[in-house]
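Trainee: I would like to go through the labels used for this model and ask what each one rests on.
Mentor: Then look at the structure, and we will set each value against its definition.

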Amino acid sequence: MSGTILCIDDDPLILMLYRMVLEEYGYGVLIESNGCDGLGASDRCPVDCILLDYQMPDMNGAEFVQRLAYRHSSTPVIVISRSSDIPPALLNHVEAFIEKPVRPGQLLECVENVTRSAERNLARTHCRCPRVG
């Protein structure tokens with residue numbers, strides 16, 4: 001696989017795990033330890049997917065997703081947290097949810113599915129065939 005994944009979590013050990021798993025399978029990985037820096041990174045660098053911890057000190061996942069949408073970003077977001085943390089309305093605005101603790105295979109499978117789906121959607125919007133006749 002290839003592509004760039006932005007990982008946002010306030011736990012450095014979790015970020016290290018994400019980096020190891022994703023880089024092993026060919027992904028480029030950007031790391032940020034809070035939502036504000038994550039938004040800045042998403043503005044500066046185009047990414048294929050964002051892995052987002054829901055519970056962070058500076059802003060929660062719902063606020064991050066709202067601010068990302070305000071920037072007119074269509075970058076797919078995968079929220080990672082305990083299921084009791086996530087408001088049901090947020091799930092309508094993200095591509096996927098993974099409940100902690102995250103298994104490496106589960107993480108990789110979810111990222112692959114989300115990025116593959118995003119690539120298909122992008123191809124559909126950019127590939128318009130002329131009418132015949």
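Mentor: Start with patches: they are made of residues with over 30% relative accessible area and no salt bridge, like charges being joined within 9 Å and nonpolar side chains (Val, Leu, Ile, Met, Phe, Trp, Tyr) within 5 Å. Accessible areas come from the Shrake-Rupley method with a 1.4 Å probe, and for residues only the protein chains shown count as cover. A salt bridge, in turn, is a side-chain nitrogen of Lys or Arg within 4 Å of a carboxyl oxygen of Asp or Glu. The model is predicted, so local features need pLDDT of at least 70 and side-chain atom pairs count only at pLDDT 80 or more, while totals for chains, interfaces and linings use all residues. Residues are numbered from 1 along each chain as its sequence is written, and side-chain values use heavy atoms, with hydrogens and water left out.

Trainee: Which residues form a nonpolar patch on the surface?
Mentor: Leu13, Met16 and Met20 do, with about 340 Å² of accessible area together. Met16 lies in helix H1, residues 12–24. Helices (H or I, at least four residues) and strands (E, at least two) are DSSP runs, numbered from the N terminus.

Trainee: Why does Met16 count as partly exposed?
Mentor: Buried means under 20% relative accessible area, exposed over 50%, and partly exposed in between, with a 1.4 Å probe and protein chains only. Met16 has 47% relative accessibility, so it is partly exposed.

Trainee: How much of the chain is buried, and what is its secondary structure?
Mentor: Buried residues make up 40% of the 133 residues. The chain has 5 helices and 5 strands, in the order β-α-β-α-β-α-β-α-β-α along the sequence.

Trainee: What makes strand S4 mostly covered?
Mentor: In S4 (residues 77–81), 5 of its 5 residues are buried. On one side these are Val77, Val79 and Ser81, and on the other Ile78 and Ile80, so both faces are covered.

Trainee: Which strands pair with S4, and how do you know?
Mentor: Two strands pair if DSSP finds at least two bridges between them. Strand S3 (residues 49–53) is joined to S4 by 4 bridges, and the two run parallel; Leu51 has Ile78 as its bridge partner in S4. Between S3 and S4 the chain passes through helix H3 (residues 61–70), in a right-handed β-α-β crossover. Right-handed here means that, with the strands pointing away from the viewer, the path from the first strand over the helix to the second runs clockwise. S4 is also joined by 4 bridges to strand S5 (residues 96–99), again parallel, and Ile80 stands opposite Ile98 in S5.

Trainee: How many salt bridges does the structure hold, and what makes Lys100 and Asp9 one of them?
Mentor: The structure holds 5 salt bridges. Lys100 is in the loop between S5 and helix H5 (104–126), and Asp9 is in the loop between strand S1 (4–8) and H1, so the pair links distant parts of the chain, 91 residues apart. Lys100 is partly exposed, because its relative accessible area is 27%, whereas Asp9, at 1%, is buried.

Trainee: What separates Glu23 and Arg19 in helix H1?
Mentor: About one helical turn, because they are 4 residues apart. Their closest N and O atoms are 3.1 Å apart, in a salt bridge. Glu23, at 40% relative accessible area, is partly exposed, and so is Arg19, at 32%.

Trainee: How far apart are the closest N and O atoms of Arg67 and Glu63?
Mentor: They are 2.6 Å apart, and the two residues form a salt bridge. Arg67 is partly exposed at 34% relative accessibility.
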